[in-house]
Every structure is written in structure tokens, then in C-alpha cells.
Amino acid sequence: MTSKAIYYFSLTGNTKAMLSTIEDLEQWDIYDLNTMRPEEVTFKGYDTVLIGTLTIGRGNPPSYFKRMVHALRSMQGVRIGLFGSGQTHYGDDYCGALDVLEDFLQPRNEIAFKMKYESYPVPSVMEEFKQLVKEMQYEDIKV
């Protein structure tokens, strides 16, 4: 059995909404980062992790992630799925928080997918996310 966790940061519900698409949600440990202090966050014991966040302005993760960099740095050999909402009018910086997290985590982990979407997820986006999560659970880790 795989140890699985979801960590999400959602201010308006756009990121949190994606959790409703996961079929076996009860098999995941779920952490609402809005309710935790950054120093409480630990990724230990999980080999599959989903991280969801919004992007602030032009490609920035919420400052919360800067304050939990020690926990992010501790991740090694983990299969990670990144997802988050943003605004396409920012062009190349669209959902840039995910790009920052990917660059930081990829050298020591496997990024199984990175899914960006505009504002509140529409049904087709939710279905795509559901499939990505399902697929990532059955692939061999390549780290």
C-alpha cells in the first residue's frame, strides 16, 4: 500500500475544489495548509504527494511556501503531482507558482504531473486531474 498525502493552499476554493475529483480520497492524508503553521508541515512517510496552490500575481507562490522551504527541501524520492489555479492573462507567468515548486523539487523527486488551470476548475479540467492522479498512483517511481 502506498502512503499518500495531499497538501493544498486555497484562498478562494479554486484549488480545494480539485479534491472532489479524487475517487479514493479516504485513502489520502489531507492537509489544508491554511490551517497549519509552516513549521508544522512535514512530508515524511509519504511516497506519493499532491501539492496544490494558487499563484500570486506574476508567477509567485504564496509566501507560506517560502516559510516551509525546510520541509520541501526534505523531500527525496517522492512522486509528486502539482496542481493549481492562476490567470492566463499573466502569459508566461501563468500558474508560475507550480513552475517554482517544480524547479525546486525536481532534482530530488519525480514530478509525475503539473496541472495548471484558470480560476475555478470546469468539469473537463476536473476530469483531466482525476485521470492524472489515477495514473500517477500506478506508475513506477523513476527517481
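This is a predicted model: local features need pLDDT of at least 70, side-chain atom pairs count only at pLDDT 80 or more; totals for chains, interfaces and linings use all residues.
Residues are numbered from 1 along each chain as its sequence is written, and side-chain values use heavy atoms, with hydrogens and water left out.

**View 1. Strand E3 pairs with E1 and with E4.** Helices (H or I, at least four residues) and strands (E, at least two) are DSSP runs, numbered from the N terminus. Two strands pair if DSSP finds at least two bridges between them. Strand E1 (residues 4-8) runs parallel to E3 and is joined to E3 by five bridges. Five bridges also join E3 to strand E4 (residues 79-86), again in the parallel sense.

View 2. E3 spans residues 48-52, and five of its five residues are buried.

**View 3. The largest pocket holds about 200 Å³ of space.** Rolling a probe the size of a water molecule over the atoms shows where empty space is left. On a 1 Å grid over the protein atoms alone, a pocket is an open set of points where a 1.4 Å probe fits, with protein on both sides within 12 Å along at least five of seven lines; lining residues have an atom within 4 Å of a point. The volume is the space filled by probe spheres set on the points, which are joined across faces, edges and corners. The largest pocket is lined by 17 residues, and closest to its centre are Leu-54, Thr-55, Ser-85, Gly-86 and Gln-87. Its lining has five nonpolar, eleven polar and one charged residues. (Ala, Val, Leu, Ile, Met, Phe, Trp, Tyr, Cys and Pro count as nonpolar, Asp, Glu, Lys and Arg as charged, and the others, Gly among them, as polar.)

**View 4. Glu-23 and Lys-130 form a salt bridge.** A salt bridge is a side-chain nitrogen of Lys or Arg within 4 Å of a carboxyl oxygen of Asp or Glu, and the count comes to nine. In this one, the closest N and O atoms are 3.2 Å apart. Glu-23 belongs to the loop between E1 and strand E2 (29-32), while Lys-130 is in helix H4 (residues 123-136), 107 residues apart. Glu-23 is exposed, at 51% relative accessibility, and Lys-130 is partly exposed, at 22%.

**View 5. Arg-37 forms salt bridges with Glu-39 and Glu-40.** The closest N and O atoms are 2.7 Å apart for Glu-39 and 3.5 Å apart for Glu-40. Arg-37 is partly exposed, with a relative accessible area of 49%.

**View 6. Asp-99, Glu-102, Lys-114 and Lys-116 are linked in a network of salt bridges.** Glu-102 is in helix H3 (residues 96-105) and counts as buried, at 17% relative accessibility.

Definitions and conventions: Buried means under 20% relative accessible area, exposed over 50%, partly exposed in between (1.4 Å probe, protein chains only).
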